[in-house]
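Have the structure open as you read.

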Amino acid sequence: MADELRQVHLTGPQIRALAQPLRLRLLGRLRSGGPATATSLAADLGTNTGATSYHLRQLAEAGLVVEEERPGSGRQRWWRAAHDMSSFRRSYYEGDPEATAAAEWLEAFQVSRFAELAENWRRALPDEPVAWQETAEISDYVIQLGSAQTEAMLREIEEVIERYRRLGQDEPGPDARSVVLYVAGLPRIESGSGEGA
């Protein structure tokens with residue numbers, strides 16, 4: 001049976017701690033790859049162990065990673081993510097300009113990360129199995145909704161995602177792999193160029 005999804009609504013200190021590229025990468029790697037040492041994380045991420053250890057301690061201080069006891073690990077410290085998922089809204093940080101700036105940085109990072117992942121997929125597509133070529137997609141929809149309706153729709157989408165997350169843990173398909181799913185419900189703001197859907 002799939003584990004319960006551990007989620008955190010980022011506090012001011014937590015979002016400030018995450019608004020640093022290496023820390024964000026470390027947390028992402030621990031979430032996707034499971035517990036690891038500073039040495040193995042440094043090797044995976046192409047950084048040095050000293051910097052990795054420092055930033056892991058900063059994440060631990062913010063409650064985003066925890067040290068994991070491993071019998072027989074000697075002096076090596078193992079770290080794991082304290083949560084599976086983080087969420088935040090700028091309104092959480094009203095009156096905290098540093099946390100608000102961190103939230104803005106994370107939003108910009110998410111947008112650029114999505115563009116990077118989509119471009120990586122586009123380049124790799126010709127060499128991917130046909131089943132994945134036919135399955136993976138990026139779609140956009142323009143619908144007319146109020147804020148409460150949009151909120152309800154996004155919560156419903158989250159329920160569907162959670163159902164499939166559990167299915168993927170309990171009964172992964174024969175060609176299972178990590179799938180990144182971005183969900184965005186954004187009011188349409190015209191850029192002035194007249195371009196776009």
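## Starting at arginine 90

Arginine 90 has a relative accessible area of 40%, so it counts as partly exposed; that class sits between buried (under 20% relative accessible area) and exposed (over 50%), using a 1.4 Å probe and protein chains only. Its salt-bridge partner is glutamate 104, with the closest N and O atoms 3.3 Å apart. A salt bridge here means a side-chain nitrogen of Lys or Arg within 4 Å of a carboxyl oxygen of Asp or Glu. The two residues are 14 apart and link distant parts of the chain: arginine 90 is in the loop between β5 and α5, while glutamate 104 is in helix α5. Glutamate 104 is partly exposed too, at 37% relative accessibility.

A word on the ground rules: this is a predicted model, so local features need pLDDT of at least 70 and side-chain atom pairs count only at pLDDT 80 or more, whereas totals for chains, interfaces and linings use all residues. Numbering runs from 1 along each chain as its sequence is written, and side-chain values use heavy atoms, with hydrogens and water left out.

## The overall layout

How many helices and strands are there in the protein? There are seven helices and five strands, taken as DSSP runs numbered from the N terminus (helices are H or I with at least four residues, strands are E with at least two). Along the sequence they come in the order β-α-α-β-α-α-β-β-β-α-α-α. The C-alpha trace spans about 60 × 50 × 35 Å along its principal axes.

Of the 197 residues, 23% are buried. Take the contacts (heavy atoms within 4.5 Å) between residues at least 6 apart in sequence: 63% of them join residues at least 24 apart.

Side chains of opposite charge can pair when their charged atoms come close. The salt-bridge count for this model is 17. One of them joins arginine 77 to glutamate 67, with the closest N and O atoms 2.9 Å apart. This pair also links distant parts of the chain, 10 residues apart: arginine 77 is in the loop between β3 (65-68) and β4 (78-81), and glutamate 67 is in strand β3. Arginine 77 is partly exposed at 37% relative accessibility, and glutamate 67 is partly exposed at 38%.

Arginine 89 and glutamate 151 also meet in a salt bridge, at 3.5 Å from N to O. Here the separation is 62 residues, from the loop between β5 (85-87) and α5 (97-124), where arginine 89 is, to glutamate 151 in helix α7 (residues 147-170). Both count as partly exposed: arginine 89 at 42% relative accessibility, glutamate 151 at 32%. Which residues do shared partners join into one network? Arg89, Glu151, Arg155 and Glu158.

## Rings

The whole structure holds three aromatic pairs. To pair, rings of Phe, Tyr and Trp (its six-membered ring) need centres within 6.5 Å; planes under 30 degrees apart count as stacked, over 60 as edge-to-face and the rest as tilted. Tyrosine 92 and tyrosine 93 are edge-to-face, at 5.8 Å centre to centre with 75° between the planes. Is each of these two tyrosines buried or partly exposed? Tyrosine 92 is partly exposed at 37% relative accessible area, whereas tyrosine 93 is buried at 2%.

Tryptophan 105 and phenylalanine 109 are stacked, with 5.5 Å between centres and 20° between planes. They are four residues apart in helix α5, so about one helical turn separates them. Tryptophan 105 is partly exposed at 29%, and so is phenylalanine 109 at 27%.

One charge sits over a ring as well: arginine 177 lies over the face of tryptophan 132, at 5.1 Å from the ring centre. The test is NZ of Lys or CZ of Arg within 6 Å of the ring centre and within 35 degrees of the ring normal.

The protein exposes about 13,700 Å², and carbon and sulfur atoms supply 53% of that; areas come from the Shrake-Rupley method with a 1.4 Å probe, and for residues only the protein chains shown count as cover. Phe114, Ile138, Val180 and Tyr182 make a nonpolar surface patch of about 380 Å². Patch residues have over 30% relative accessible area and no salt bridge, with like charges joined within 9 Å and nonpolar side chains (Val, Leu, Ile, Met, Phe, Trp, Tyr) within 5 Å. Tyrosine 182 is in the segment after α7 and is partly exposed at 37% relative accessibility.
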